[in-house]
Amino acid sequence: MRDGFFKVAAVVPAMTVADPKTNAQEIARSIKDAAARGANLIVFPELAVTGYTGNDLFLQDMLLRGAENALRVIRDATAGSFAVVFVGFPLEWKGKLYNTAAALQNGRILAFIPKRFLPDYAEFYEPRQFTPGPVTAETIIFDGEEVPFGSHILLEVDAVRDLRIGCEICEDAWVVNAPHIEHALAGANLIVNLSASNETIGKDAYRTQLFSSISARTLSDYIYVSSGDGESTQDIVFGGRVMMLENGSLLAQRKIFDNAYGKTKITFADFDVQRINYERRRMTSFEICGQNDYLCIPVHMEEKECVLDRVFDPHPFVPQDAAGRMKRCEDILNIQSRGLARRLHHIHCPAAVIGVSGGLDSTLALLVTARAFDLLGLPRENILAVTMPCFGTTDRTYHNALTLAGTLGATLKEVRIAAAVTQHFHDIDQDPSVHDVTYENGQARERTKVLMDLANQRNGIVIGTGDLSELALGWATYNGDHMSMYGVNAGVPKTLVSHLVRCCAEAAREKEPALSACLLDVLDTPVSPELLPPTEDGTISQRTEDLVGPYELHDYFLYYMLRCGYRPRKIYRIALQSFAGVYDEETILKWEKTFVRRFFAQQFKRSCLPDGPKVGSVAVSPRGDLRMPSDACAQLWKDDLEEL
C-alpha cells in the first residue's frame, strides 16, 4: 500500500430477513467482487448474515444454527485473500446472544467484536434478544478454534505503517462514552461502524453531521455502512446509507434510497493513512493513551500498489462550486480587511500607503484597504495609492493602476523612479544594460524606499501586497517588496487571489461598472514583476510563470506538502492524476523540483515576515504555522524526486 493509501469497500448487500444461507452466498460473492477490485478492507452492515429486523426470531435455534453455517460459508469465501472482512453476526455464547461484527481474513475468524450499547427506546428493542458485549477481550470457541471476543480489540495491518483498525456497531457511536473514543485513544486510526439505522424525516442530515464530527474529533478514517432494502418494512424502512470519511471530510458515500432497488451496492474509497497519522502528529491536543486492556491482533497483507479511484482537486485552495467560492471569497475579504482595520485602530493610524502596479496582488491589497477604511469610517482619500513607473512598466498596467485608484476614491501619486534607480546604478557601478538580479532588485528596493518615506510623511503605514504563493517560493526582493508594515495578502495563495478580485468585480458590476471593467482587465493581464523592459510592441516581456512555473502547480505542491504532510514523490503521484491532460509528467516533475529547491532556499525571507492575517489552513508566518530553520537542508526531499 505505497504512500499509505488503503482501498476500502462498504457493501450494502441484497439480503432477505431470516435467510442466512442465501445471505451468505450474496455476501461471499460480494467479498470476491470487492477484493478483485482491490479492496483491502470490506465492511457489511449490522447483522447482515441474518438481517437486523429478525426480532424474536433471534431466539430461535433454527436461525442461530443457520447463521453459524452461513458464517462458515463466508469465512471459507475469504480463503486466499488478504482482505479483512467485517460482517454483522448474531453470536451465541454461554447461553447469551450478542450482536457482533465478525472480523475475517484468509479463511480465518480473527475476532468477534460485540455491540456494547443496545437501544431500548422508540422503535428499538434490542435488549429483548441481545446482551451488551464485554469490553476487555476474552477467548471463546467457535468451530473448535479459539477466537478473541470483546470491544477492545484492534487489528494491526503490517502492509501500511501504523494502521490500526477498530470497530463499533450502530448505537455505540451515538452514546456519550462511545467506543470510538476509546479506540482512537488506544491508537486506532481507521474505525468501522456496522449499522442498521432506519430512516425518518431529518435523520439522515443529523446522522451525516454526527459521523463527520466523529471522524474529525478522532482524527480518523471512518466507514459507516447501514442496512438497505432487504430489511423488513413492517414498521420501519432502511435506506442503505454509506459514508466514507477522512478527518471529517466525506470521501465517498451512497445516499439513502438510491435507484438500484434490491441489488447489492458496493462503494469504494481510498483512505490515506499517512495523512491521518500526520494530522495526529500535528495536533498536539490529540493524545494516544495506549490503554493496557486492548488486544492488538497482527494482520498480514501483501504490499501492493493501490490503484487510486480517489480524486485530488487540482485547485485545493479554491472551492469547486460557485456558491462555495463566493462564500470563501467574502470570508477571506472580511478576515483581511478586519485584520488591517484592527491594526490601524490600535496604532491610531489615519493613513495607509500602498504601491499599485496594475497587477493582481496590489489590486487585491488596495481593495482590502478600502474595505478596512470603510469599516473604520475613515475617508478613502487617506489611502495613498502610489504608482512608480520604471523600465518595465507597460501602458496597460500603468493605466489600470490609475483607474483603480480613481474609481476606489484613493489619493493617487505618481513617482517615476527611473532617474533615481539610474543614479543608484551609477553609485554602485552597475551597468544598466546588464539586466541581472541587481538590475531587477534595485527597482524593487527603490519602490519600497519611496513607500516607506511617503508613509512617514503622512503618519501612515505601508500595506504589503505579496501573496502566500510568492512567499512559499521566495519570489520577493528581500527588503524590497518583501517588506511592509502589514501584509494583507500574506495568507492568500495566488490561485485564490484571482477569485477574490473576480468576486469584487462581480459585486461592482452594476453600481460601479468602471471599477468592475478595470478589475476584469487586471485579471486578464499576465502575472509579471515588470522589472525588465517591455517588448517592441509595448507588451509585458517578463512573465513570472515562465520563470518559476505555473502557480496552480506550486499552490498544489504547497497545499499537499504543508497541509497534508505528503512527501514529494507522493505529491508527484497524485499530481499526475489531478493534472492529466493539462501538464505532462516531465513538466510536473520539473516544477516540483523547482518548488522544493526554492521552498527550502528561501526560508530566510519567511523567517522575518511582517505581520499579516492567516486566512486558511496553510500559512508560512514564523509566528504562526511554520517554524522552520532558515538553514534546513532540502536533500532528503530532492532525493525523493530524483529516485522517480
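Guide: Axes are lines fitted to C-alpha atoms, for helices over the stretch in contact, and angles run from 0 to 180 degrees between N-to-C directions. The model discussed here is a predicted one.

Visitor: At roughly what angle do the axes of helix H6 and helix H7 cross?

Guide: Helix H6 covers residues 322-346 and helix H7 covers residues 360-376. Their axes come within 8 Å, and the crossing angle is roughly 60 degrees.

Visitor: Which term describes the orientation of H6 and H7 to each other?

Guide: The two helices cross at roughly 60 degrees. Angles of 65 to 115 degrees count as roughly perpendicular and those under 35 as roughly parallel. H6 and H7 are therefore oblique.

Visitor: What is the handedness of the crossing of H6 and H7?

Guide: Residues of H6 including Glu330, Leu333 and Leu340 take part in the contact, and those of H7 include Leu364, Val368 and Phe373. The crossing of these two helices is right-handed.

Visitor: At what angle do helix H9 and helix H10 pack, and how is that angle classed?

Guide: Helix H9 (residues 418-427) and helix H10 (residues 437-457) have axes 10 Å apart and an angle of about 125 degrees. Because only angles over 145 degrees count as roughly antiparallel and those of 65 to 115 as roughly perpendicular, H9 is classed relative to H10 as oblique.

Visitor: Which residues of H10 make the contact with H9?

Guide: H9 passes H10 in a right-handed crossing. On the H9 side, the contact involves Ala420, Val421 and Phe425. On the H10 side, the residues are Thr438, Tyr439, Gly442, Gln443 and Glu446.

Visitor: Which strands stand at the edges of the open sheet of 5 strands?

Guide: This sheet has parallel pairing and the order S18-S17-S16-S19-S20. Two of its strands each have a single partner strand, so one side of each is left without a neighbour in the sheet. These edge strands are S18 (411-414) and S20 (486-487).

Visitor: What is the bridge partner of Val353 in S17?

Guide: Strand S16 (residues 352-355) pairs with strand S17 (residues 383-387) in the parallel sense. The pairing comprises 4 bridges. In S17, the partner of Val353 is Leu384.

Visitor: At about what angle does H10 run to S16?

Guide: H10 lies across S16, S17, S18 and strand S19 (461-464). Its angle to S16 is about 165 degrees.

Visitor: Which residue takes a positive phi in the hairpin of S12 and S13?

Guide: S12 and strand S13 (residues 249-254) run antiparallel and are joined by 5 bridges. Glu246 stands opposite Ser249 in S13. The hairpin has 2 residues between the strands, and the residue with a positive phi near 50 degrees is Asn247.

Visitor: In S12, what is the bridge partner of Tyr222?

Guide: Strand S11 (residues 221-226) and S12 run antiparallel, with 5 bridges between them. In S12, Tyr222 is partnered by Leu245.

Visitor: Which residues touch the most other members of the largest nonpolar core?

Guide: In soluble globular proteins, nonpolar side chains tend to be buried together. The largest nonpolar core here has 88 residues, and those touching the most other members are Tyr556, Leu558, Tyr560, Phe595 and Phe599.

Visitor: Is Pro179 buried or exposed?

Guide: Pro179 is found in helix H3 (residues 179-185). Beyond four places in sequence, Pro179 touches Arg116, Phe117, Ser151, Glu168, Asp172 and Tyr294. Because its relative accessibility is 0%, Pro179 counts as buried.

Conventions:
Residues numbered from 1 in each chain as written. Predicted model: local features only at pLDDT ≥ 70, side-chain atom pairs only at ≥ 80, totals over all residues. Heavy atoms only, no water. Core = buried A, V, L, I, M, F, W, Y, C linked by side-chain atoms within 4.5 Å. Buried < 20%, exposed > 50% of the residue type's maximum accessible area, 1.4 Å probe, protein only. Pairing = 2+ DSSP bridges. Left-handed = near helix turned anticlockwise from the far one by under 90°. Contact = heavy atoms within 4.5 Å.
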